[in-house]
Amino acid sequence: MSSAISLPRTLGGRATYRRDFTKADGRMLRLYGRNAHDAAPMPQTADDLAQGGELRYHPLRGEWNVYAAHRQNRTFKPSAADDPLAPTVAGGPETEIPFGDFELAIFENKFAAFHPSARDAATLDGVAIEPARGACDVVVYDPAGTGNLATIGQDRREILLAALIDRYDALFSAGCKYVLPFENRGDEVGVTLHHPHGQIYGFERVPQAQARAAQAFADGYDLAGEIAAAMPDYGVSQSDDIAAFVPRYARFPYEVWLAPKQRREGPWDCTDGELEALADQMGEITRRYDALFQQAAATMMAFHAAPGGAAAAYHFTVQFYPLLRAPGRIKYLASVEQHTGVFTVDVMPETAAKMLREL
């Protein structure tokens, strides 16, 4: 039985512990929490696992896309009784987490698009193909099958940030060039598991959008100046350390960014006070979206941090993209957006900021 270690960050004035556990199929499970986890595991069976897909280069768009046919058969909207992200309990079905209780869990995705051992793909004349090497983690926020970033509470959000910093360090050390923690929320986004969770992708090459952002910062783009210029008209909420605002160039209706007011390259670069404020704002923005849309709001949230753990002048953000433009009305990314990359925005950023700010 593995023992727990204490992580370096003491958010909220308390330590966070990590326990590493190897599942029966060889995948790693990491349990994070305020208490050192030492429970005995439930019995497990081993499944056959796919080991990633392949990358193919699109010559007209200048981008690499991942192909992972095994993901077509991933778990799809199971009943609450068959929730694979719940704790495993005596007499119940086997889940991904073979313990009767936990605080926060991160494990290697069974249906991974990227895998460190992805095999070389077959060649195809005229098409550049590479193995999709990297990492795919699932992040389970809470043992309860319902909830969101607002309802799990400040302490659990602080544990989440400490855990993400730990995974950034591990994945960069393993050779990933870009690490993207993210959350898909809501049926409109295509979520297949409703248990509150996020994911982490570790990329072997920096994605095109993130490479462009890193270059913009290197060329002198000043996000701290943009934040100062945006306040207060485009501000949603803020603390001494963190600003929540609608970018004046937002592409999605009600898009919100969270950013340290001082330039930081990633969450690992933030002070404890900044991380505690960031955790608070992640819950607050989720709450405001649900109030605005009068339902569990469909959103795509992701951490945008420096490639490789360091990039000249990079300024870290957490970006929320809602998939609704009004209660019950989906913001579809249709022909113009998909074919040209030019977004048609239905709500002016200043109007969006005012509505979110007043909630």
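Tutor: Please keep in mind that this is a predicted model. The second largest cavity has a volume of about 40 Å³.

Student: Which residues line the second largest cavity?

Tutor: Its lining consists of Y17, R18, R19, L31, Y32, G33, N35, A36, H37 and E103. Strands β2 (17-22) and β3 (28-33) each supply at least two residues of this lining.

Student: How does the lining of that cavity divide by class?

Tutor: For the second largest cavity, four lining residues are nonpolar, three are polar and three are charged.

Student: And how many cavities of 30 Å³ or more does the structure hold?

Tutor: There are two cavities of 30 Å³ or more. The largest cavity has a volume of about 60 Å³.

Student: What lines the largest cavity?

Tutor: The residues are V139, Y141, L160, L164, P181, F182, G198, Q199, M282, M301 and F303. Helix α1 (154-173) and the strands β9 (178-185), β10 (197-203) and β14 (299-304) each supply at least two residues of the lining.

Student: How many residues of each class does that lining have?

Tutor: The lining of the largest cavity has nine nonpolar residues and two polar ones, with no charged residues.

Student: New topic: helices. At what angle do α4 and α6 pack?

Tutor: Helix α4 (residues 272-293) and helix α6 (residues 349-357) pack at about 100°, and their axes are 10 Å apart.

Student: What do we call that arrangement?

Tutor: Angles of 65 to 115 degrees count as roughly perpendicular, so α4 is roughly perpendicular to α6.

Student: Which residues make the contact?

Tutor: On α4 they are R288, Y289 and L292, and on α6 they are M355, L356 and R357. By class, the contact of α4 with α6 has four nonpolar residues, two charged residues and no polar ones.

Student: Now the strands. In what order do the three strands of the open sheet with β4 run?

Tutor: The order is β5-β4-β7, and the pairing is antiparallel. The edge strands are β5 (63-67) and β7 (129-131), each of which pairs on one side only. From one strand to the next, the twist averages 30°.

Student: Over how many bridges do β4 and β5 pair?

Tutor: Strand β4 (residues 54-58) pairs with β5 over five bridges, in the antiparallel sense.

Student: Which residue in β5 stands opposite R56?

Tutor: N65 in β5 stands opposite R56.

Methods: Residues numbered from 1 in each chain as written. Predicted model: local features only at pLDDT ≥ 70, side-chain atom pairs only at ≥ 80, totals over all residues. Heavy atoms only, no water. Axes fitted to C-alpha atoms, helices over the stretch in contact; angles between N-to-C directions. Helix = DSSP H or I, 4+ residues; strand = E, 2+ residues; numbered from the N terminus. Parallel < 35°, antiparallel > 145°, perpendicular 65-115°, else oblique. Contact = heavy atoms within 4.5 Å. Nonpolar A, V, L, I, M, F, W, Y, C, P; charged D, E, K, R; others polar. 1 Å grid on protein atoms, 1.4 Å probe; cavity = no way out; pocket = protein on both sides within 12 Å on 5 of 7 lines; lining within 4 Å. Points joined across faces, edges and corners; volume = space filled by probe spheres on them. Pairing = 2+ DSSP bridges.
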